[in-house]
Amino acid sequence: MSTVQPFTHTIRVAETDIDRQGHVNNVAFVRYVQDIAAAHWETIAPLELRQAFTWVVRRHEIEYLRPGLPGDELIVRTWVGEPSGATWERFTEIHRINEDKPLITSRTVWVLLDVATGRPRRVDPSFVAAFSAGERPT
């Protein structure tokens with residue numbers, strides 16, 4: 001894990017997230033990864049940035065290590081990695097509460113888009129500083 005303080009949410013597995021095998025469906029885990037990234041952005045970025053910019057996924061890499069089960073309470077942690085041009089990597093781990101072993105780990109590459117033009121925009125150093133410090137960008 002990086003030295004950056006992770007952004008964390010706790011969720012309870014919903015019945016609708018359970019598949020035929022009786023565990024959390026892979027698609028639900030992808031949704032958890034996307035939802036925590038969006039929540040992190042909503043928490044860190046001021047309204048002006050949220051209105052001017054948006055993020056889209058370029059790549060998901062998920063390693064499914066152990067199953068999530070009906071009713072599990074999960075800790076979902078995310079943190080940003082290194083930006084490169086208009087892309088920024090983000091890492092996520094999902095654990096059961098009070099367990100150290102992750103159920104999944106992921107690396108997602110996000111692309112920053114200018115809402116007005118729909119075009120990619122380089123990740124500004126102020127974004128990096130704000131997410132690294134866990135503070136809102138100015």
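The legends below describe close-up views of a predicted model.

**View 1. The five-stranded sheet.**
The sheet is open and has 5 strands, in the order β1-β3-β4-β5-β2, with antiparallel pairing. Strands β1 (7–12) and β2 (53–64) stand at the edges, and each has a single partner strand, so one side of each is left without a neighbour in the sheet. From one strand to the next, the twist averages 25°. In general, strands of a sheet pair through backbone hydrogen bonds, in either a parallel or an antiparallel arrangement.

**View 2. Strands β3 and β4.**
Strand β3 covers residues 73–84 and strand β4 covers residues 87–96. The two pair in the antiparallel sense over 9 bridges. Tryptophan 79 stands opposite phenylalanine 91 in β4.

**View 3. The hairpin of β4 and β5.**
Strands β4 and β5 run antiparallel and are joined by 9 bridges. They form a hairpin, with 5 residues between the two strands. In the turn, asparagine 98 has a positive phi of about 70°. Histidine 95 stands opposite proline 102 in β5.

**View 4. Strand β5 and its pairing with β2.**
Strands β5 and β2 pair in the antiparallel sense over 11 bridges. Valine 56 stands opposite valine 111 in β5. Of the 13 residues of β5, 10 are buried, so this strand is largely enclosed by the rest of the structure.

**View 5. Helix α1 on the sheet.**
Helix α1 is made up of residues 26–44. The helix lies across β1, β2, β3, β4 and β5 (102–114). Relative to β2, helix α1 runs at about 140°.

**View 6. Aromatic pair within helix α1.**
A search of the whole structure finds 5 aromatic pairs. One of them is formed by phenylalanine 29 and tyrosine 32, with 5.7 Å centre to centre and 85° between the planes, an edge-to-face arrangement. Both residues lie in helix α1, 3 residues apart, which is about one turn of the helix. Phenylalanine 29 and tyrosine 32 are both buried. Ring pairs also link Phe29, Tyr32 and Tyr64 into a cluster.

**View 7. Aromatic pair between helix α1 and strand β2.**
The ring centres of tryptophan 41 and tryptophan 55 are 5.7 Å apart and the planes are at 80°, so this pair is edge-to-face. Tryptophan 41 belongs to helix α1 and tryptophan 55 to strand β2, and the pair links distant parts of the chain, 14 residues apart. Tryptophan 41 and tryptophan 55 are buried.

Glutamate 89 lies in strand β4. Its relative accessible area is 15%, and a residue counts as buried under 20%, so glutamate 89 is buried. The side chain of glutamate 89 reaches the backbone nitrogen of glutamate 82 at 2.9 Å. Not counting residues up to four places away in sequence, glutamate 89 touches Val80, Gly81, Glu82, Arg107, Thr108 and Val109.

Definitions and conventions:
Residues are numbered from 1 along each chain as its sequence is written. Side-chain values use heavy atoms; hydrogens and water are left out. Two strands pair if DSSP finds at least two bridges between them. Helices (H or I, at least four residues) and strands (E, at least two) are DSSP runs, numbered from the N terminus. Axes are lines fitted to C-alpha atoms, for helices over the stretch in contact, and angles run from 0 to 180 degrees between N-to-C directions. Contact means heavy atoms within 4.5 Å. Buried means under 20% relative accessible area, exposed over 50%, partly exposed in between (1.4 Å probe, protein chains only). Rings of Phe, Tyr and Trp (its six-membered ring) pair if their centres lie within 6.5 Å; planes under 30 degrees apart count as stacked, over 60 as edge-to-face and the rest as tilted. A polar contact is a pair of N or O atoms within 3.5 Å; within protein, one must be able to donate a hydrogen and the other to accept it, and residues adjacent in sequence count only if both atoms are side-chain atoms.
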